[in-house]
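Good morning, colleagues. Please turn to the sequence and the structure, which I shall now show, and I will take you through selected features.

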Amino acid sequence: MSNFIWKEFMLRKILSKTDYKRILGPTAEALVREVNLADKTCLITGASGSIGLEITRCLSLRNCNVIMACRNVYKAKVLAKRNCEITERLTFYQINLTSLTSVKNCSEEILTKEKKIDIVILNAATFGLPWTITEDRLETIFQVNFLSQYYLLLCLGKILASDVRVIFTSSESHRNINWPSSPSLESVSLPKEKYTSIKAYNISKLCGLLLMHYLSNQWANSKKSVFCAHPGSFIKTGLCRNWWAYEALYTFMMPFCKSIKQGASTIVYCATSPELKGETAVYLNNCKRCDESDIAKDLRMSFKVHELIIHILSERTENIDELIKDFSHVKSNVSN
């Protein structure tokens with residue numbers, strides 16, 4: 001083990017001094033250089049982590065008000081002060097995505113203090129965990145990466161702008177999941193005997209793509225839009241921190257993969273690009289349209305999964321039917 005740590009240290013040292021000629025796309029900052037986001041407000045989950053923090057930095061540079069929903073607010077404030085040139089437009093809310101009660105409390109605080117949200121970036125994720133369940137009796141990766149963030153979106157429906165853009169941070173690894181025609185609770189929240197961290201992660205990303213199609217159908221007669229964005233593969237972020245083998249693999253892949261600044265670009269493109277005005281239900285990779293897997297674009301499956309998700313939430317939260325009714329209505333209570 002000590003030999004591995006030494007090798008990783010040396011590789012990091014070499015990489016830090018090497019100026020690789022990247023051919024993997026522009027940085028997020030370059031994409032928003034000509035964009036004016038004054039009077040816009042963006043909510044980001046996982047905003048204090050690698051890519052989330054870079055998105056926060058780039059949007060705030062263009063005069064966007066950024067709501068940072070984070071588990072550790074103190075850490076988020078320290079990192080924002082260290083990395084963001086402009087911090088006056090940042091606000092911080094505490095949220096624990098392993099707890100639906102915490103999600104509800106966070107949403108109530110946001111509803112009290114914020115008037116309008118123009119962009120929602122559901123970016124928080126975890127990976128590499130042993131099988132664990134949350135206080136809500138659900139597998140942790142599924143709840144953190146998808147369910148709790150979708151519940152947050154539902155809770156904030158009243159202040160979503162009439163032309164809101166919603167972005168799910170996605171992954172090409174969603175292609176590795178193949179479900180039965182009617183998924184069950186065990187299909188999304190894996191029991192211990194069927195669990196691997198990679199499988200749970202892939203399921204959470206497939207759920208995001210399916211909900212993209214469901215929401216676009218519900219919002220068909222509105223200006224609201226929803227996208228999924230793949231940042232890139234093997235980007236060295238905090239996502240791999242939970243197991244040394246993943247940490248070693250991602251460190252080794254650094255010269256061949258996108259940087260964090262590049263990894264944020266497709267998400268920022270979905271959130272801000274004028275080229276996507278009037279578009280919805282698009283999966284993007286490298287800032288370009290990309291075909292998702294057959295199951296991910298199955299509209300019938302998207303309705304089945306949404307019905308399952310609402311059932312899961314109804315057993316663990318209150319007033320979910322009222323939330324869904326308000327959320328699915330195409331008219332927003334918030335004017336632009």
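Predicted model: local features only at pLDDT ≥ 70, side-chain atom pairs only at ≥ 80, totals over all residues.

R175 and E172 form a salt bridge, and their closest N and O atoms are 3.0 Å apart. As a general point, side chains of opposite charge can pair when their charged atoms come close.

How many salt bridges does the structure hold? The count is 10. Another of them joins K194 to E186, with the closest N and O atoms 3.6 Å apart. K194 has a relative accessible area of 44%, which places it in the partly exposed class. E186, at 41%, is partly exposed too.

A further pair is E279 with R289, where the closest N and O atoms are 2.9 Å apart. This pair links distant parts of the chain: E279 sits in the loop between α11 (265–272) and β7 (282–285), while R289 belongs to strand β8, and the two are 10 residues apart. E279 counts as partly exposed, at 28% relative accessibility, whereas R289 is exposed, at 55%. Finally under this heading, there is a network of salt bridges that links E29, E54, R57, E85 and K261.

Let me turn to the sheet. In what order do its eight strands stand? The order is β3-β2-β1-β4-β5-β6-β7-β8, in an open sheet with mixed pairing. β3 (90–94) and β8 (288–289) are at the edges, and each has a single partner strand, so one side of each is left without a neighbour in the sheet. R289, which I mentioned for its salt bridge with E279, is therefore a residue of one of these edge strands, β8. In general, strands of a sheet pair through backbone hydrogen bonds, either parallel or antiparallel.

Strand β1 (residues 41–45) and strand β4 (residues 117–122) run parallel and are joined by three bridges. Within that pairing, C42 has I119 as its bridge partner in β4. Across β2 (65–70) and β3 lies helix α4 (residues 73–83), which runs at about 160 degrees to β3.

Strand β5 (residues 160–169) contains T169. Is T169 buried or exposed? T169 is buried, with a relative accessible area of 10%. Leaving aside neighbours within four places in sequence, T169 is in contact with I121, L122, N123, K205, A229, P231 and I267. Two of these contacts, I121 and L122, fall within the residue range of β4, 117–122.

Helix α6 is mostly covered, with 16 of its 16 residues buried. At the start of α6, a side-chain oxygen of E139 reaches to within 2.8 Å of the backbone nitrogen of I141.

The loop between β4 and α6 contains R137. R137 is not a glycine, yet its phi is positive, at about 65 degrees. R137 is also exposed, with a relative accessible area of 53%. A positive phi, near 70 degrees, is found in D39 as well, again a residue other than glycine. D39 lies in the loop between α2 (28–31) and β1, and at 65% relative accessibility D39 counts as exposed.

My last topic is helix α12 (residues 299–314), which includes L299 and S302. L299 counts as partly exposed, at 37% relative accessibility, whereas S302 counts as buried, at 0%. Which residues does L299 contact beyond its neighbours within four places in sequence? They are H213 and N217. L299 and N217 are 82 residues apart in sequence, and their C-alpha atoms are 8.7 Å apart in space. With neighbours within four places again left aside, S302 is in contact with L210, H213 and Y214.

Thank you for your attention.

Note on methods:
Residues numbered from 1 in each chain as written. Heavy atoms only, no water. Pairing = 2+ DSSP bridges. Helix = DSSP H or I, 4+ residues; strand = E, 2+ residues; numbered from the N terminus. Contact = heavy atoms within 4.5 Å. Axes fitted to C-alpha atoms, helices over the stretch in contact; angles between N-to-C directions. Salt bridge = Lys/Arg side-chain N within 4 Å of Asp/Glu carboxyl O. Buried < 20%, exposed > 50% of the residue type's maximum accessible area, 1.4 Å probe, protein only. Polar contact = N/O pair within 3.5 Å; in protein donor to acceptor, adjacent residues only side chain to side chain.
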